[in-house]
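Hello,

Please find the structure below. My notes on it follow.

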Amino acid sequence: MDNSDKTKLDTPKPRYEHFLRLFRTNEDRLFGFILRLLPNFTVAEDVMQETMMTMWRKFDEFKEGSSFSAWGMRIARFKVLEYHHRDRRHGMVHFNDELLDQLSDLDKGPDKIENTYLEALHGCVDKLKDQNRDIVKFRYSRDMSIKQIADELSVSVNVIYKSMSKIHYVLQKCIERTLSAWELT
Amino acid sequence: MLEKDKILMNEWVCKSLEGDISDAECDLLQTMLSSGPEVLQYYSTCLQINRGLVKIKPILKDSLSMDLCLQEMATYENQAEVIAIKPSRPEPEKVTVRKLPPQSHRASRLSLYVAISSTAALLLLLLYVYINPRPISQEVAVLTDSIDASWANPDEAVKNGSRLMTGLGPSTLKTGIIKLRYDDGVQVVIEAPAEYELLTSTEIALRYGKVFASVTEAGKGFTVSTANSRIIDLGTEFGVFAGTRGDTQLHVFKGMTTLIAGLKNTEKELLEVQAGQARQVDVYNAGIRAIQLDQNSFARSIDSQTNTVWRGETTIDLAAALNGRLAAVGAAGAALLDDSAAAVNTLSLSQAASPDALKSPGFFLPIQGNPYINGVFLANGADGPISVAADGSAKWNAPVGQVRQKIGLLRFDISSIKGDRTGASLGLAIRGMVGEGRPIAVYGLLNEAADNWSEKDIHYANAPGFRPAPLGRYDMDPAAWKKLGTLAFNAAGDLMAEAVHLDLDAFIAADKNNLLTLALLCENSDTSAEWRITTKEGDPSQAPWLVFPCGDSSDVVITTVTDNGADTYLSNDNQYDTINTTDPHGRETSLRVRHYWKDVIAITSAASFEYKDDQGQSHTCRFRLDSAVEPLIALKTGAGITFDLTQMQNRVPENRPARLFTAQCGMPQGIQADGLAGNNYKPSIDVYVLVDGKLRLTRTDVNPATRSFDISVPLTSQDRYLTLAVTGASDQRTPLDWGLFANPRILFE
């Protein structure tokens, strides 16, 4: 448990404010957790919403002083399973139970995106070759879907995915190098 | 993780996040994730980069160069190296690789259909199946056989003869092997562990496991589909292996198939794979590469009645057949085994056969209980053509081997003994011999009328009380001859035998004509030395004698010189290559006693045998050729064995006929013959291979110095009996005269 999990009630505040503060603090981690189990942005956001609603409804059961994120993840896990039973959307991965277990238990590190990571990422995007950097910006700055990019450029969706996967790989390596260099200094 | 796997993982994560991942890719992603914590961790990293890029969106400068971007896209498109179509490695010229044009991705199916239909019209049918949803549940096949089959879900269990339906979802075969027959005749063998689904009347899906398909003319176009491949049959036999990780292997044994590789909703690679070729479709990117054809890994046929599984082995080990087994060569967990039959090993014909059978020439002994061995025989043509099959349909003019049958014949005239005739003893002077002689049986002639035989004219064929017998053997009329006892000599080498006591009283008492005829013979066949007993012609003073104590008087000695005495011997053998059953031996200076026709047939698949040298010391002779230790059949000289090819063929699935017999042949290497069977003994054999009694291969004077040689005898479907024989030792002393057939194999079609 880290500090962000601890509830600090210095002054009485409306309960929902308290909940929201806790939730905002842990939102990133929770979403990372859900996305890990349901690797689809749209679906993960839906489940994230449902998780939040349930957490709010059950907030009375939350034991002050315990880990808010751990409590949230238990509920999120439940919501993920509910989703699995309820809806099997085409075009996304539906992990089997064994993998869901393994992914749930995975080291929580990467779920929270640290600012240093984002700084490194930003620097690495800048270091990309021009054409690769352009693809990234197409996708993330202009918020175009892969399909839109493909249509726009009259190439196949696959081409975009192949390119994207290589770019991501290059970025990961770059971030790794950058972070370890920063650690050394 | 490999770099390419990491890039793939990124791709799949991107696609999943966007909702564009295919089912097959989902499976592959799961498979990859299951391979270890390192991969799971990397998966988190992939998610992280996506989320990170979303987060930094506001700070990314929107300064695109569209021209540059488009140019880059075009380059990607033209190079197409990161697109699903990956060029396969350079392949043998037989393989025709056709790639779909890269721009076909938007209408990939249509292009695919056009490409295929232009090569084979019948594929249109398959393509129809390929694009159309599954039909409603219908019966399409029947479960024809199964061995030890069990399904994960008891509801999926089916019995032999059950009709099988489509549209029931996948079935998981936990154990065993099942065989199905589609209604158009396509035979499919599925081996556990496997998950399969009958999709249509012409298609089976294999999620994982092994499937072998044998496709008839009517069933052409039968399709096996896996996560990343479809194999379309063009009238052939092929096996498909689908790994749980998602990789696919195709092994084509006959005919030709079309392999379509590619993940769902991606572009496909089309490849013709012909008989003798095998291809693997990569788990992650569906790339095709050539692999070694695995001839024997697919169960191609099963028979629950005989509990046999045939994996395509076409080679049968004859050494195993010797022990009553029909073992396929080259398969792990050997198939085609049948341990119930009797083994052939060292056999003594005189023990195994009935006395009457021994009296007939061309002796052949059927081996009961071993269906693959028709029988064994004495490979000696001394009596004329010999049978090499139990039904007498195959005969062979085997080379004449030496046999010995010499019977001493003595006549004493005791007319001068007037008083007490009891207590007489027989004396013989052993003139010479080499080695160790065997006991001599002494018989008395009961038929007194025949006592007056002529030493000059008598021979085996006209001797009193002797009936015709094959060479090397004898047949005494029990009404004419009475066994009086046995003489045993204790010494080897030259010696003078003092009087040897034998109870002759009853025989002499019954005598009425004062003439006593005695026969001296060795009762058991043996390669040991020949007794040579001095005759009256050799030395009258050492001629065979009878000593009569004559009560209180001094001894009276009667020899063959006395009055009407006689000494000679009968031959029923082929010494000096001359049939001399009718040759009298009246003037010989010694009479001979010997019996040798080699009644022991030694055939074994053992690795060695024990023998003793002349000094009685034990040795081991290893049955091996050169340095290799292989399954082999060892035949001692004089032994013949006949295999029943039809019986073997009946056990080989699909009744495939025998096509070739092969073996490596020679004598045991590294044997030392010094100090064995006299100084002049030189191991040497002749080797014969016959088919239905007709000689197909001969090799003479094979000795330990001879380099082992390969035998190859073509066979046809008409051939029934395969016979191996070893003969030809120039000397009758044959302690190490073994012929070896190493790796004796029958190749079936």
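Helix 7 of chain A

In helix 7 (residues 146–153) of chain A, the buried residues are Ile146(A), Ile149(A), Ala150(A) and Leu153(A). Here buried means that 20 or more other C-beta atoms, placed from the backbone, lie within 10 Å of the residue's own, and helices are DSSP runs of H or I of at least four residues, numbered from the N terminus. Seen down the axis of helix 7 of chain A, these residues fall within an arc of 100 degrees (taken from the directions from the helix axis to the C-beta atoms), so they line one face of the helix.

Basis

This is a predicted model, in which local features need pLDDT of at least 70 and side-chain atom pairs count only at pLDDT 80 or more, while totals for chains, interfaces and linings use all residues. Residues are numbered from 1 along each chain as its sequence is written, with chains lettered from A and ligands numbered from 1 in the order in which they are written.

Nonpolar cores

A nonpolar core is a set of buried Ala, Val, Leu, Ile, Met, Phe, Trp, Tyr and Cys residues joined through C-beta atoms within 7 Å. The largest has 66 residues, and Ile34(A), Leu38(A) and Ile160(A) have the most contacts inside it. Helix 8 (residues 157–184) of chain A gives the most to this core, 9 residues. A second, separate core of 61 residues includes Leu632(B) and Ile746(B).

Regards

Definitions and conventions:
A residue is buried if 20 or more other C-beta atoms lie within 10 Å of its own, exposed if 12 or fewer, and partly exposed in between; C-beta atoms are placed from the backbone. Helices (H or I, at least four residues) and strands (E, at least two) are DSSP runs, numbered from the N terminus.
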